[in-house]
Amino acid sequence: MHTSESSRASEGKGVGLGLALVSALAFGGSGVAAKPLIEAGLDPLHVVWLRVAGAALVMLPLAVRHRALLRSRPALLAGFGLLGVAGVQAFYFASISRIPVGVALLVEYLAPALVLGWVRFVQRRPVTRAAALGVVLAVGGLACVVEVWSGLSFDALGLLLALGAACCQVGYFVLSDQGSDSGEVPDPLGVIAYGLLVGTAVLTVVARPWTMDFSVLAQRADMNGTPVAAGLLLGWIVLIATVLAYVTGVVSVRRLSPAVAGVVACLEAVVATVLAWVLLGEHLSAPQIVGGAVVLLGAFIAQSSTPAKGSVEPVATGGAESRLSARENAA
């Protein structure tokens with residue numbers, strides 16, 4: 001009996017690991033699909049609106065199913081929609097219109113280090129030496145990625161936009177930790193569905209999609225010399241890089257610990273960098289590759305060392321697109 005339970009647990013972790021890998025691969029492919037659309041003439045905000053609105057439409061049945069969240073967790077839904085969806089994605093897509101996809105995503109991986117800064121200097125809570133080491137590694141690695149010795153070889157505004165995406169993640173992490181000692185854990189899929197709806201509403205006002213040149217979607221976009229149907233790229237962004245990525249990410253964390261899922265999530269930056277190299281011709285130098293590895297190592301150490309209140313973990317953890325995780329051991 002014990003052997004059977006152990007076998008099932010091992011099988012569950014294996015499935016969880018596979019789903020986490022699928023999530024990282026799916027999330028990592030969003031930038032390389034979005035950049036050709038932006039270069040074809042669509043505004044970055046319009047691409048974000050198409051992505052979020054399309055995903056919200058697909059996830060609408062889940063929103064109806066979990067409509068009780070509107071009464072029980074309105075602040076969480078608003079925070080995820082404003083910061084985790086609209087803010088992160090708008091800043092990220094705007095940044096990749098100016099700097100390489102891999103660099104933009106690596107800058108976003110400063111978020112766990114920034115969370116520690118909030119914990120230490122705003123909340124005035126102690127952090128471990130390991131956490132401090134993670135921050136130092138992340139910042140040092142980022143210096144290599146942006147090649148500070150050459151006077152920042154990348155567009156400064158693009159880097160600031162990527163940093164804005166990281167700050168939006170921090171804002172959501174902090175918001176989701178407020179009142180985290182409550183007894184009931186909201187269903188992450190329901191939070192995602194409503195977050196996408198809130199994000200769509202916000203982006204509709206900001207992006208003004210009625211001004212979009214929809215004819216671009218009927219044409220072909222250039223992917224490093226290869227023409228690709230714009231509609232196909234949009235379908236990938238909505239169905240694979242958003243809906244599939246979020247759902248598999250949530251399910252994987254339910255089968256794995258958040259720490260293990262966080263390690264796998266770091267592959268997102270690797271996937272994005274490799275895909276951008278192969279499909280978009282965005283090559284990184286050796287120091288940038290080494291720096292990127294150091295950023296991911298530092299981000300993981302910082303993330304796994306962040307002290308929590310009591311035994312509760314934040315609803316949100318993970319990489320650049322603010323994936324939701326289930327809270328374990330809720331008090």
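Tutor: What follows is about helix 13 and the nonpolar patch to which it contributes, and then about other parts of the chain.

The model is predicted, so local features need pLDDT of at least 70 and side-chain atom pairs count only at pLDDT 80 or more, while totals for chains, interfaces and linings use all residues. Residues are numbered from 1 along each chain as its sequence is written, and side-chain values use heavy atoms, with hydrogens and water left out.

The chain holds 14 helices and 2 strands (DSSP runs numbered from the N terminus: helices are H or I with at least four residues, strands are E with at least two). Helix 13 covers residues 267-280, which is 14 residues. Its first and last C-alpha atoms are 19 Å apart, close to the expected 20 Å (the expected span is 1.5 Å times one less than the number of residues).

In helix 13, Glu268, Ala269, Val271, Ala272, Thr273, Ala276 and Leu280 are buried (buried means under 20% relative accessible area, exposed over 50%, partly exposed in between, with a 1.4 Å probe and protein chains only). An α-helix has 3.6 residues a turn, so residues three or four places apart point the same way. Just after helix 13 comes glycine 281, with a positive phi of about 70°.

Accessible areas come from the Shrake-Rupley method with a 1.4 Å probe, and for residues only the protein chains shown count as cover. Helix 13 gives the most to the patch, with 6 residues, and helix 1 (2-28) also supplies at least two. Leucine 17 is found in helix 1 and counts as partly exposed because its relative accessible area is 39%.

For the chain as a whole, buried residues make up 52% of the 331 residues. The accessible surface comes to about 14,100 Å², and 67% of it belongs to carbon and sulfur atoms.

In the largest nonpolar core, which has 76 residues, Leu42, Val47, Ile96, Ile192 and Leu196 touch the most other members (a core is a set of buried Ala, Val, Leu, Ile, Met, Phe, Trp, Tyr and Cys residues joined through side-chain atoms within 4.5 Å). Helix 3 (residues 44-65) gives the most to this core, with 10 residues. Beyond its neighbours within four places in sequence, leucine 196 is in contact (heavy atoms within 4.5 Å) with Val52, Ala55, Ala56, Met59, Val85 and Thr242. A second, separate core has 6 residues, including Ala111, Val115, Ala166 and Val174.

Two of those names, Ala111 and Val115, are also among the buried residues of helix 7. Helix 7 (residues 111-122) has 12 residues and should span 16 Å; its end C-alpha atoms are 15 Å apart, which agrees. Arginine 124 follows helix 7 and has a positive phi near 55°.
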